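Try each task yourself, then follow the steps of the solution.

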Amino acid sequence: MADEATKPGLEGVIAAAKQAPGRGLPPVHLWNPAHCGEIDIVIRKDGVWFHEGTPIGREALVRLFSTVLRKDPDGIHLVTPVEKLKITVEDAPFIATRVDRAHGALRFLTNVGDEVEAGPENAIRVEMGADGEPRPYLHIRRGLEALIARPVFYELVEMAEERQTPDGPTLGVASNGAWFPVGPAHAHQV
């Protein structure tokens, strides 16, 4: 019987992800398999995962796939020890759906169950979209980011404090000793 992690395609991805002990993450950064093409998996900008045009309804399966995502220079891939399959991500692969402040840290929860504290290694950044609306992101791991959901971003703006920066007065939030600008001063009063 063949080793489960060497199965091709979707079955191999599932088998490799299941090998992660406990809730830990598989060491995808250590795996260097050959690129095997693309797989018809799309992560829409609203965080919903699709396979062959159909939403993946099993949360456990989405969580499992999320553990074997890797960002490479040519895009985002599902990675196993023996293959690398490129997927389509419309914006960010994750959505930050909750934030809590405790003991000088901002702790975020993502739509796939990751808990991440913002800080020097997990930065918050805000860019402006083509529509002029802020697009806030949180670094999750190894270059993968979560789009911060609008209600969560509003919470951050409410927590924000004004600081003087080289660009003028700016609102920002502090977490784990780092400060992250989230918008111009007085934005929360609009």
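**Exercise 1. Count the helices and strands of the protein chain.**

Step 1. Take helices (H or I, at least four residues) and strands (E, at least two) as DSSP runs, numbered from the N terminus. Step 2. The count for the protein chain comes to 3 helices and 15 strands.

Before you go on: this is a predicted model, where local features need pLDDT of at least 70, side-chain atom pairs count only at pLDDT 80 or more, and totals for chains, interfaces and linings use all residues. Residues are numbered from 1 along each chain as its sequence is written, and side-chain values use heavy atoms, leaving out hydrogens and water.

**Exercise 2. Find how much of the protein chain is buried.**

Step 1. Call a residue buried under 20% relative accessible area, exposed over 50%, and partly exposed in between (1.4 Å probe, protein chains only). Step 2. By that rule, 45% of the 190 residues are buried.

**Exercise 3. Describe the salt bridge between Arg 135 and Asp 91.**

Step 1. A salt bridge needs a side-chain nitrogen of Lys or Arg within 4 Å of a carboxyl oxygen of Asp or Glu. The structure holds 12 of them. Step 2. In the pair of Arg 135 and Asp 91, the closest N and O atoms are 2.0 Å apart. Step 3. Now place the partners: Arg 135 sits in strand S11 (residues 134-141), while Asp 91 is in the loop between strand S6 (84-89) and strand S7 (94-102), so the pair links distant parts of the chain, 44 residues apart. Step 4.

**Exercise 4. Which residues join Arg 141 in one salt-bridge network?**

Step 1. Start with Arg 141 and Asp 114, whose closest N and O atoms are 3.1 Å apart. Step 2. Step 3. Shared partners extend the picture: Arg 63, Asp 114 and Arg 141 form one network. Step 4. Are Arg 141 and Asp 114 buried or exposed? Both are buried.

**Exercise 5. Compare the partners Arg 107 and Glu 115.**

Step 1. Their salt bridge has its closest N and O atoms 3.1 Å apart. Step 2. Arg 107 is partly exposed at 35% relative accessibility, whereas Glu 115 is exposed at 54%.
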